[in-house]
Structure formats: C-alpha cells, structure tokens
2 protein chains.
Amino acid sequence: MQTECICLGLLTTGPKSGYEIKQFLSGPLNQIMSLSFGTIYPTLNKMLTDELVSCKQKAQDKKPDKKIYSITKKGQKWFEQNLLESSSEWLRSGNYGDQVKSEFLMLILFSEYLPKETTNLVINERLLFAKQILALLQYDGPVTQTGAQMRNTPQGSFLRGLMTNIISSGIDYIEKNRNKLGK
Amino acid sequence: MQTECICLGLLTTGPKSGYEIKQFLSGPLNQIMSLSFGTIYPTLNKMLTDELVSCKQKAQDKKPDKKIYSITKKGQKWFEQNLLESSSEWLRSGNYGDQVKSEFLMLILFSEYLPKETTNLVINERLLFAKQILALLQYDGPVTQTGAQMRNTPQGSFLRGLMTNIISSGIDYIEKNRNKLGK
DNA sequence: ATATATATATATCTTATTGATATATATATT
DNA sequence: AATATATATATCAATAAGATATATATATAT
C-alpha cells in the first residue's frame, strides 16, 4: 500500500521509468526511504492494471523497451486520498532519528564481545561514513532533473536541513562520548 | 543471519523466553531494532536445532509450557565470531540518524498534496510523539531485570545518550523550521 | 459485581520486501 | 584493448513483518 503511494508521489513531478524511480531513491532520499527493483517493478505493473499509472513504451533497437510511467488522473486522486488517510499512521510508523533501525548501534551494544581494537576501528569507519553522507546531503553541484525535487522545493530543503542537523549532532555525540565505551 | 545474532546477543545477559526477547525489543531498544514474533520463534527453533541455544521447558497447568532459552557454549562462540565477521557490514547497513527509514519524512516531502491544516496537525502530533519517546529514554524509574542492560552498562548509557541527543536535535530543527514548509 | 482491557505466552500463515541473479548494451576509464 | 560502470528490465528464493489464533491471569473501569 505504501509502495504504491511512494511511487505515485515520485511520479507527481513527471513521468519516470522504474529505473529512474530507483535512481531517485538512491540519492539523498535514500537516507529516509529505499525500495528494491523487486518491489518497484511489480508495483508499477499492478498500478498499470489498476489504471493508477499509464505507460509509454519507447522502442530501442537491440535494447529492451524503455517503459516510461505517468500518473493518471485516477492515480493522482488515489494518491491524495491515500496520503490523507494514512497520514496519522505514517506519523508514528516512521523514523527520523527517534525510531531508527540500526545494526550499527546493536553492534555498539554488543561491543563488549568485540576485540577493543575492532570497536575503535568500527567507530572510526562509522564516523567517516556519516561524514560522507553529510557531504552528499550538502552537495550543491549539478543533479539529474529527477533530483530537483530535493533542491528547489521548500519540502526538499526542509528534509535536507533536518537530515543534516540529525547526522551532525550524532557525529558530535559519538566524537565526544566514545571514550566512555568500556576499554 | 542477523536475527540469530541479535537474539543470541540478548541471551548473553541471561536465559529468556521468546516473549521476553520481544519485550526487550519493545523497550528503549525498539528505537533502533525490532523483531516480530514471526521472526523470533522460528529463529529460536532453528538455533535449537543448531545447538546454539538450549531450552528448558517449564510445565504450567492449563497454560502452554514456558520455554526458556539459554545460549550454549557453541552459541557464544558462534555469536562472537559472527559479530566480528559482520562488523564491517553492520557499520554501513545500519542507520541511526544518517540512514533512516522514515514514512513521516516521506509524508513531509509529499505534503503539498495534503490539506495545509493536516500538515500542521501531523507535525504537532509528530513532535508530541517524539517527546514521548524522549521521556521513555530518559525515564529513570524501576525496570524489569531484562532492561538493566540499557542502564548499567557503558554501552547502554552511550546508546541512550546518543538517541536522546539525536531526537532532541530533530525536535529543535522541526520547531524552528516548520514555518518554512509551504503554506 | 461484572465487563473490559491488558499482560503473559507460543505458534502459524499470508503477504511484502529484500537481495541476488540473469540478460543486454553503451559509455567511460585505465 | 580491457575493464568497470551506467542504463535498463525482470524474476526468484529467502527473509521478515503483520495479522491472527489460542489460552489464561490480572488489573481497571463501570
């Protein structure tokens, strides 16, 4: 149900192929949402049957057809209806720094069973990884037209700002308190 | 593979039933990791076959038997080995405020299609929800013996501190910048 | 006093989702 | 020239979530 809604939401900014939806969900947005091809393609097909999207097939010689999906009027209506209905649910089920699946933090919880040098190494690499993501979020160079949604809209700026804020304060905390983890 | 590791990690602090594992993962730790019964029970059974855990069945009249699982020596070895091997993977796959599945933030991204009053209401409720979780994290009253792992160990304090930090800065950002979302 | 809700406790089943793999070609890099 | 990466779609097995069924005890509200 959500998968449909997310794909439709991304299609509101213009027609896209399944590959482009995946691409978009692999940019800065990847920090808050991801979908695999195994989810995207079946969902697109299902929505085609339900007439929530239409599909224009571009023939390409020797390559498989490029299938460009557009949201239909029925789809737009369904999307807005569904967004409204699920808003109170999405509010709680989501996570942005208050509900956060984290294998890294589980590793820290269990770190007493890890060689102390490994724990140190893991934290170093984690900080590096976090800083790479920060850089990706703050990057202001050219983007594909798909990524413009994260740039030029107030919603996109808000999200980028929030994520930057959360990640930075996480990095700060780890740097200041890592010494308190048992040695 | 991870499910096994997480269950074993929780069993290192003492024998537990499947229900108690679920309980523990529904406390403050729920913010970073959760498992459903549909995952816990089959995993426990699989690990019993593999002799990573042992099981003491307590007969109870008229109630189903209480099955208490303990980590075996083989299990402890497997756990430590696996923790070490997967550490470099868990480092990246995890999310704590830098990679964060968030239906709430997707809702914000799509909020232009939501009635403006709804967006406002959603943000208000979200802030309330976040503050409830903060209170839960900072709560210092009595806990079940299972929860002690999050209290009395340096790892537990570190996690609680990090989560508190991340959530607080998220709340701050939202309060200061919500006016910038289109009206 | 009684009804209702919540907590304890295990288990199964359908559905959703991931992650891996297969296929095919163009383009960029070494 | 060789290799790696990007474009592009699709399927499938393995994993995991979420719902539901079952059974009882206890706490709370009417």
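Contact here means heavy atoms within 4.5 Å, and that cut-off sets which residues belong to the interface in the views below of this predicted model.

**View 1. Chain B and chain A meet through the same surface.** Let's start where the two copies touch. The contact draws on 74 residues from chain B and 74 residues from chain A. Of the interface residues of chain B, 100% are also interface residues in chain A, so both copies use the same surface.

**View 2. About 7,500 Å² is buried between chain B and chain A.** Carbon and sulfur atoms give 67% of this area. Look for pairs across the boundary and you will find ten residue pairs in polar contact, both partners at pLDDT 80 or more, while the count of salt bridges between the chains is zero.

**View 3. Helices of chain B on the side that touches chain A.** The elements giving two or more residues to this side are α1 (2-11), α4 (73-93), α5 (103-109), α6 (116-138) and α7 (154-177) of chain B.

**View 4. A salt bridge between B:K46 and B:E4.** Now we move to a pair inside chain B. The closest N and O atoms of B:K46 and B:E4 are 3.1 Å apart. B:K46 lies in helix α3 (residues 37-49) of chain B and B:E4 in helix α1 of chain B, so the pair ties together parts that are 42 residues apart in sequence. Over all chains, the structure holds eight salt bridges.

**View 5. Confidence along chain A.** Chain A averages a pLDDT of 84, and 84% of the residues score at least 70. Over residues 94-99 of chain A, pLDDT stays under 50; for this stretch the model has 39 contacts beyond four places in sequence.

How values were computed
Residues numbered from 1 in each chain as written. Chains lettered and ligands numbered in written order. Predicted model: local features only at pLDDT ≥ 70, side-chain atom pairs only at ≥ 80, totals over all residues. Heavy atoms only, no water. Buried area = accessible area lost by both parts, 1.4 Å probe. Salt bridge = Lys/Arg side-chain N within 4 Å of Asp/Glu carboxyl O. Polar contact = N/O pair within 3.5 Å; in protein donor to acceptor, adjacent residues only side chain to side chain. Helix = DSSP H or I, 4+ residues; strand = E, 2+ residues; numbered from the N terminus. pLDDT = per-residue confidence, 0-100.
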